[in-house]
Amino acid sequence: MLLFIEGYPYNLDDMVRDNLTVRDVLKDVVSVPVKEEQYSFGYVGYCYSKAAKDVIFFLPKVVLTGEQNEGSDDDTIFGASPQEIIDFESEKAKNKFTEEGCKEYKEFLSTLSIWIYRTISVYRHSHNDNILESKEYQTESRGKKQKHNTLLDVIIALRDFNRNNQDYFTFIAKNVHSGFNKINWNKTITTSQAFIENDVPVYINPVNRKNTVNFDEELLVIYFSILNYIRETHGFSFEINIQYPLISPDKLKRSYIKKNLGCRRLKQIKYKYFSDKALRIWDLCYAFFDREYKISMNRQSEDFLLAKDFEHIFEVMIDTLVGGNDKQELPKELTEQRDGKLVDHMFIGQGLIEQSDLPAELTYYIGDSKYYKRSKNDRTQLGDKSIYKQYTYARNVIQWNMNLFLDGEGNGSQPQLRDTLTEGYNPIPNFFISARIPSKRTGGDKFLSFDDKELKPQEGGVQLNRQFENRLFDRDTLLLCHYDVNFLYIVSLYGRNNKSTQIAWREYVRKEFRRKIQETLNRLYTFRTLQPREGMDCYQFIQDNFRDLNGKLYRPKADSNYLILALMKEEGSDIWKSLKIKSATIERETAQNKELLDTLHTHFYVSNPFELETEFHIDSIDNVGTLNKLPKPEIKDVLTGLVRKTDADYTIFYSHIAKTYTMEKIPISINIMDIKYFLPMVNGNIDGYYKVEKVYFGIKERMPCLKLNLSTFISLGEQWVPIYRIKMQPGELMSYDSMMGLYENKI
């Protein structure tokens, strides 16, 4: 097997084997420039080189770790440079890995080649094949046996034999089952009791003919059991029309493969076969169990084996496995945005604060997949363009969502991101997904594992974009997280094409996205619940303190009677610094938190800090008030008084130049401290009122009286309106609205 790595610059004149250079072994496989001395091949896949008489495997570039060893270029996950592993059969490679280790790597490469082939096959069935290229591969034939190098060779040979020999299998099955299950009358009559009915003997338990063990059938059972195992394990599609009791995939793996029962049993029955086709089936089955067995692989066939833009296939894989069909069901304006940006991955899921089954209380998850080679420290470096493009995705989604509800078109099928009470925004989970293969140095027991399905946060992979500090629920506060997925698990899951398994992982990974982003928020913020105190106008409190509360409060449910308060966490200063927020800023914002909490205690029950979890729980408290807008109480601050035509001050009130007013009878049914205005009924008519500067008690004719110092006269209109004894008496307090209503109704 010859190994090349996608995107790695090879010296074309470097020697590979048997005096063949890189240029020589690849010239009949892919396009190789004539004049270039160094070239990067942008392919992933598996094919056959006639020049080298061996298979070529283009490995995905994620096998590069970015680490550098002394005297070598970029390292690979195998702990060797790309040049050292080109010829995996060479003594140099064996010395590098040791013979036992070399077998382990061979098994890994053999398995990986199957999954890359399956990935390309699954992709081709549902997408255009412009990025795929048809190449030659070895197939089973008659003639001198050659040593094959990968399990994929054998699987393809098994597939092709099954596809091309259906008539043979049908013929064998008919011969094997001829006469089977017919009644053996001799044994039935001699061994069974008969009942006579209408002079006719009736046998209740007839004896059937039993077919003897047929070694053709046993070979076919093993053969079709292998096909069934490959179908279940690797997702290949095989036509199996013969109903044999097959060996279960689990038993085949446990006993026939791992305990080598397959090779032993095939050796025991080999002497029974003489026909060419039976011997070819035996060869293929034995080669499946013994990977070092030689079979004839002289003929060449063509299939879609190479992908020249595997980045696009990786994007399709992630979209299929993470998004499912959700992206297709979203409005196109969200995924194909008006500024020309196309969102890679998007789905609607549970909000980060609490779970809900109502669509309006969910949120959008926006993702982008990155198929990059790894850089130093086993990280994927993201460019500023990718980061800010991801922020733009979220901004466009927020604006589209706002327009939807502002225009009155929100019908409950889409999340409502903005809370109308606090004007806080439901945080949008925004993330990158990178491909990673654990290396020999850092992988531990996950090294070369196809079973590691974990979603892992990339160290330092948190980005924050905002206009204001300490405002998590602000529309401009956008948190961007970065996660790694095991590339080996992804290609095996996609290549297997098992819908139930994919759905199970989709549910897992979506929960993991939510949980891990919650963990990040818990490192940055403290969260508290606020419940209104009974009798307090909390709605008005929020309006009056909007500047201090903006972006810090959010109402997770439209009808909930509690709010969520998020404040910057001082003890999380290390992560704040990694987000390039200065210590002085952190100290200033956290110092203001205490003052804000003291203010909130006047109107709310403020809980102890809690952390976001999978499920949200709120403690029940007695004597809780409401967050709804309370009816505004009627303010009665206008005192009515009578000025008769015979009074000495009639002229000055009629001319609107009065400065004082004396009320001889002190009203006892009102609080005189509420008096703010004075409405004089001049000879029973009104046309305006005065602002009261001072209210005090005085003496008139040795009797106590109430005195008002007046200032500005405020006109109600150009007409005098008769009002005395109709709706109003002197010495009453009335509201401004009542005063205006009386005046306007009498005009």
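Q: Where is Glu-239 found?
A: Glu-239 sits in the loop between helix H7 (215–234) and helix H8 (249–257). Keep in mind that this is a predicted model.

Q: Is Glu-239 buried, exposed or partly exposed?
A: Glu-239 counts as partly exposed, because its relative accessibility is 46%.

Q: What is Glu-239 in contact with, leaving aside neighbours within four places in sequence?
A: Asn-162 and Gln-166.

Q: And how far apart are Glu-239 and Leu-227?
A: In space, 9.1 Å from C-alpha to C-alpha. In sequence, they are 12 residues apart.

Q: Switching to the sheet. What is the strand order?
A: The order is E16-E17-E18-E20-E19. These 5 strands form an open sheet with mixed pairing.

Q: Which are the edge strands?
A: Strand E16 (345–349) and strand E19 (455–465). Each of them pairs on one side only.

Q: How much twist from one strand to the next?
A: The average is 25 degrees.

Q: In what sense do E16 and E17 pair, parallel or antiparallel?
A: Antiparallel, over 5 bridges. E17 covers residues 363–370.

Q: Which residue in E17 is the bridge partner of Met-346?
A: Ile-366.

Q: What does helix H11 touch on the sheet?
A: Helix H11 (residues 310–323) packs on the sheet and touches E16, E17, strand E18 (430–436) and strand E20 (478–486). The direction of H11 makes about 120 degrees with that of E18.

Q: And helix H15, which strands does that touch?
A: E18 and E20. Helix H15 (residues 487–496) also packs on the sheet, and its direction makes about 75 degrees with that of E20.

Key:
Residues are numbered from 1 along each chain as its sequence is written. This is a predicted model: local features need pLDDT of at least 70, side-chain atom pairs count only at pLDDT 80 or more; totals for chains, interfaces and linings use all residues. Side-chain values use heavy atoms; hydrogens and water are left out. Two strands pair if DSSP finds at least two bridges between them. Helices (H or I, at least four residues) and strands (E, at least two) are DSSP runs, numbered from the N terminus. Axes are lines fitted to C-alpha atoms, for helices over the stretch in contact, and angles run from 0 to 180 degrees between N-to-C directions. Contact means heavy atoms within 4.5 Å. Buried means under 20% relative accessible area, exposed over 50%, partly exposed in between (1.4 Å probe, protein chains only).
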